[in-house]
Amino acid sequence: MKEQFEWIHSWCDETAQNDLPRVLLVGDSITHNYQEKVRELLKGVCYVDYISTSYAIDTKMYNQLVYNFMTDSKYALIHFNHGLHGIHLSKKSYKSRMKKLLSKAEKDVKLILATSTIVYREGNKRLDGAWMKRVRERNEAVQEIATENGYTVDDLYAVSTSIPKDYRYVDGTHYLADGYAMLAETVAECIREELKK
């Protein structure tokens, strides 16, 4: 099921270079807005590419996009953060589709699964009940998949609950620069630690 508007953003960094590991960030607008800071924090550690989109995980477009990116370069690690689109998807459907997608990654690629961030109603005073139901379900699915397969979990949900209101955008879902900086620091540290293993 498509949304009213769909979009795709991507970037592949220093594509002719192979002296450092290459990392791929897969996600939505949250990923899009922290990817530049992650790249800055990991400079000299790895090259960071990203693909972010509003297409939900049950669409052909999403699966083709992500599969093509996963297999287009030799990635040492892929960080997945894509739970805030496709509100129609049940936990069971989300989990099965995520497992199917992850199974297509190269066997020697390290995978990190991020939990989805908190969602408020506009104004950031009350939680968005419909979206928080999905966030909780998807975060449970992420934890279950990670446990079943030995993947690392990047708990961005926990970070998002600690982001001050002053760092949040008024729409209840997105963040201002300082909020994204907090998320980026967590993502970069998780990637840095995983690459050391």
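Two strands count as paired if DSSP finds at least two bridges between them. Keep that in mind on this tour of a predicted model.

**Stop 1: the sheet**

Select the strands. They form an open sheet of 6 strands, ordered β1-β3-β2-β4-β5-β6, and the pairing is mixed. Now pick out the edges. These are β1 (8-11) and β6, each of which pairs on one side only. Look along the sheet: neighbouring strands are turned by 20 degrees against each other on average, direction ignored.

**Stop 2: β5 and its two partners**

Select residues 110-114. This is strand β5, and 4 of its 5 residues are buried. Show A114 and find its bridge partner in β6, D154. Next, trace the chain from β5 to β6. The path goes through helix α4 (residues 129-149), and this β-α-β crossover is right-handed.

Turn to the other partner. Strand β4 covers residues 77-81 and pairs with β5 in the parallel sense, over 4 bridges. Which residue of β5 stands opposite L77? Show K110 to see it. Here too there is a right-handed β-α-β unit, made of β4, helix α3 (residues 91-102) and β5.

While side chains are on display, recall one rule: in a regular strand they alternate between the two faces of the sheet.

**Stop 3: β2 and β3**

Select residues 22-27 and 47-53. These are strands β2 and β3, parallel and joined by 6 bridges.

**Stop 4**

Display helix α2, residues 60-72. α2 lies across β1, β2, β3 and β4, and its direction is at about 170 degrees to β3. Then return to α4. That helix lies across β5 and β6, running at about 155 degrees to β5.

**Stop 4: α3 against α4**

Angles under 35 degrees would count as roughly parallel and 65 to 115 as roughly perpendicular. The crossing is right-handed. For the contact, show K91, Y94, K95, M98, K99 and L102 on α3. On α4, show R134, E137, R138, E140, A141, E144, I145 and E148.

**Stop 5: α1 against α6**

Select residues 29-41 for helix α1 and 177-196 for helix α6. How do their axes meet? They come within 8 Å and cross at roughly 60 degrees. This pair is therefore oblique as well, and the crossing of α1 and α6 is right-handed. Contact residues in α1 are S29, I30, N33, Y34, K37, V38 and L41. They meet Y180, L183, A184, E185, V187, A188, I191 and R192 in α6.

**Stop 6: Y169**

Finish in the loop between α5 (156-161) and α6, where Y169 sits. Is Y169 buried, partly exposed or exposed? Its relative accessibility is 41%, so Y169 counts as partly exposed. The partly exposed range lies between the cut-offs of under 20% for buried and over 50% for exposed. Show what surrounds Y169. Leaving aside neighbours within four places in sequence, Y169 is in contact with N124, H174, Y175 and L176. Last, draw a C-alpha to C-alpha distance from Y169 to G179. The two are 10 residues apart in sequence and 8.9 Å apart in space.

How values were computed:
Residues numbered from 1 in each chain as written. Predicted model: local features only at pLDDT ≥ 70, side-chain atom pairs only at ≥ 80, totals over all residues. Heavy atoms only, no water. Buried < 20%, exposed > 50% of the residue type's maximum accessible area, 1.4 Å probe, protein only. Helix = DSSP H or I, 4+ residues; strand = E, 2+ residues; numbered from the N terminus. Right-handed = clockwise from strand over helix to strand, strands pointing away. Axes fitted to C-alpha atoms, helices over the stretch in contact; angles between N-to-C directions. Parallel < 35°, antiparallel > 145°, perpendicular 65-115°, else oblique. Left-handed = near helix turned anticlockwise from the far one by under 90°. Contact = heavy atoms within 4.5 Å.
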